[in-house]
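Biologist: I am new to this structure. Could you show it to me and take me through its main features?

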Amino acid sequence: MSNVYNKLETVYIHPSQFPDQILKDYFASFAQRQINHKFHYESIKQSQKWLNVHNAYSPIQQNHDHMLAYTDCYEQALNIINDRHLDLISLGCGNGEKEAELLAKINNPNQICCYYPIDVSCSLSITAAQKARQQQAGLNIKPIVCDLLYADDLLSLIPHQGERRLLIFFGMIPNFAPSQILPILSSYLEPEDLLLFSANLAPGDNYEQGIKKILPQYDNELTKDWLKTILLDAGIKNNDGHIYSAIASDSNEPLFKKVIMNFELAKSAKLIIGKEAINWQPGETVQLFYSYRYTTSLITDLLQQYSIHVIQAWESRDQEEGVYLCKKTDISS
């Protein structure tokens with residue numbers, strides 16, 4: 001019987017991803033005409049389409065120099081940890097590619113007490129777990145499916161097993177309003193924790209021009225095909241409207257700009273979500289996606305507002321990727 005269970009993957013589901021909460025968030029996405037990002041990763045089909053976009057347009061896939069910034073960050077973090085036993089907690093693990101690179105640099109496989117690949121997508125959290133096992137067979141791994149915006153209790157549910165915790169927050173900050181996610185991230189951190197954090201940057205000296213430069217990473221057919229999947233699955237037809245990109249800011253985050261991908265309706269549409277009907281009218285726009293862009297100075301100042309101190313920062317040579325080694329600010333100092 002034990003051999004049978006060895007073939008099974010145990011996945012932990014946080015209440016933020018229980019069916020009643022998912023349905024509530026799904027309805028709100030269509031009613032408010034602002035699609036919650038998590039619904040672009042829900043199905044295997046969507047996860048695979050996202051991976052296609054990632055492989056084709058992610059700068060780290062196109063330029064090995066980007067990975068060097070992560071490598072330098074890993075080495076510095078491991079030097080600080082100095083062989084002490086770790087709990088490795090990846091918040092938004094995606095396909096777990098970067099985490100697998102980190103695991104490959106840990107010489108002692110017993111140094112990791114437990115690895116938690118956490119993602120809103122069950123498919124991606126399992127993918128990350130499998131990649132980790134390829135690096136370290138026998139590693140204790142507990143995939144968790146969770147919506148971080150509704151999971152301020154998440155880390156209180158994860159018991160301490162190691163001497164230190166290493167938290168990873170890679171590629172997540174672009175897809176959250178900072179004032180929503182950073183209080184939660186800060187609350188997760190304890191004084192002895194280390195945080196590895198990355199952000200997509202606007203390259204060059206001119207912030208807005210830098211964002212315009214990277215716009216083709218979003219304004220392309222692969223990305224549009226991925227983003228419209230949720231609309232097609234809900235009953236919208238291809239000729240009901242079109243997707244366009246823009247650069248925008250909002251009143252809640254006036255210092256930062258973001259790339260947005262909107263769907264503009266060419267004709268009326270009626271959607272049935274559960275037992276509720278939602279009517280969209282011609283000319284209305286539905287926000288499908290957004291991605292904030294930063295600079296290292298903006299990130300450093302922003303994190304400090306939430307008691308997160310950047311110990312060291314690395315940028316790719318093209319200034320499109322920033323990687324940051326951080327810890328909780330010592331309030332007593």
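**The core, the sheets and the salt bridges**

Modeller: Leu91 touches Ile118, Leu148, Leu154, Leu155, Leu167, Ile168, Phe169, Met172, Leu185 and Tyr188, leaving aside residues up to four places away in sequence. Contact here means heavy atoms within 4.5 Å. This is a predicted model, in which local features need pLDDT of at least 70 and side-chain atom pairs count only at pLDDT 80 or more, while totals for chains, interfaces and linings use all residues. Residues are numbered from 1 along each chain as its sequence is written, and side-chain values use heavy atoms, with hydrogens and water left out.

Biologist: How many residues are in the largest nonpolar core, and which have the most contacts inside it?

Modeller: The largest nonpolar core has 77 residues, and those with the most contacts inside it are Phe30, Leu91, Leu154, Phe169, Tyr188, Phe197 and Trp280. Strand 8 gives the most to this core, with six residues. A nonpolar core is a set of buried Ala, Val, Leu, Ile, Met, Phe, Trp, Tyr and Cys residues joined through side-chain atoms within 4.5 Å. Buried means under 20% relative accessible area, exposed means over 50%, and partly exposed lies in between (1.4 Å probe, protein chains only). Strands (E, at least two residues) and helices (H or I, at least four) are DSSP runs, numbered from the N terminus.

Biologist: And what lies apart from that core?

Modeller: Another core, of 29 residues, lies apart from the largest one; Ile81, Ala129, Leu139 and Ile141 are among its members.

Biologist: Turning to the sheets, in what order do the eight strands of the open sheet come?

Modeller: The order is 1-4-3-2-5-6-13-12, and the pairing is mixed. Two strands pair if DSSP finds at least two bridges between them. At the edges are strand 1 (12-13) and strand 12 (308-315), each of which pairs on one side only. Strand 12 is joined to strand 13 (residues 321-328) by seven bridges in the antiparallel sense, and Ile308 has Lys328 in strand 13 as its bridge partner.

Biologist: Which strands does helix 8 lie across?

Modeller: Helix 8 lies across strand 2 (86-91), strand 5, strand 6, strand 12 and strand 13, and runs at about 165 degrees to strand 5. For such angles, axes are lines fitted to C-alpha atoms, for helices over the stretch in contact, and the values run from 0 to 180 degrees between N-to-C directions. Helix 7 (residues 122-135) lies across strand 3 (112-119) and strand 4 (144-145), at about 150 degrees to strand 3.

Biologist: What is the order of the open sheet of three strands?

Modeller: That sheet has the order 7-8-11, with antiparallel pairing. Strand 7 and strand 11 (285-293) are at its edges with a single partner strand each, so one side of each has no neighbour in the sheet. On average, neighbouring strands of this sheet are turned by 25 degrees against each other, direction ignored.

Biologist: How many bridges join strand 7 to strand 8?

Modeller: Nine bridges join strand 7 (residues 241-250) to strand 8 (residues 253-265). The two strands form a hairpin with two residues between them, and Asp250 has Glu253 in strand 8 as its bridge partner. Strand 8 is also joined to strand 11 by eight bridges, antiparallel. Phe263 stands opposite Val286 in strand 11. Helix 9 (residues 207-214) packs on this sheet, touching strand 7, strand 8 and strand 11, and its direction makes about 30 degrees with that of strand 8.

Biologist: A change of topic: what is the count of salt bridges?

Modeller: The count is eleven, where a salt bridge is a side-chain nitrogen of Lys or Arg within 4 Å of a carboxyl oxygen of Asp or Glu. One of them joins Lys38 to Asp25, with the closest N and O atoms 2.6 Å apart. Lys38 lies in the loop between helix 2 (19-31) and helix 3 (44-57) and Asp25 in helix 2, so the pair ties together parts 13 residues apart in sequence.

Biologist: Are those two buried or exposed?

Modeller: Lys38 counts as buried at 4% relative accessibility, and Asp25 is buried at 6%. Asp25, Lys38 and Asp147 are linked in a network of salt bridges.

Biologist: Where do Arg165 and Asp193 lie?

Modeller: The side chains of Arg165 and Asp193 meet in a salt bridge of 2.7 Å, N to O. Arg165 lies in strand 5 and Asp193 in the loop between helix 8 and strand 6, so this pair ties together parts 28 residues apart in sequence. Arg165 is buried at 4% relative accessibility, and Asp193 is buried at 2%.
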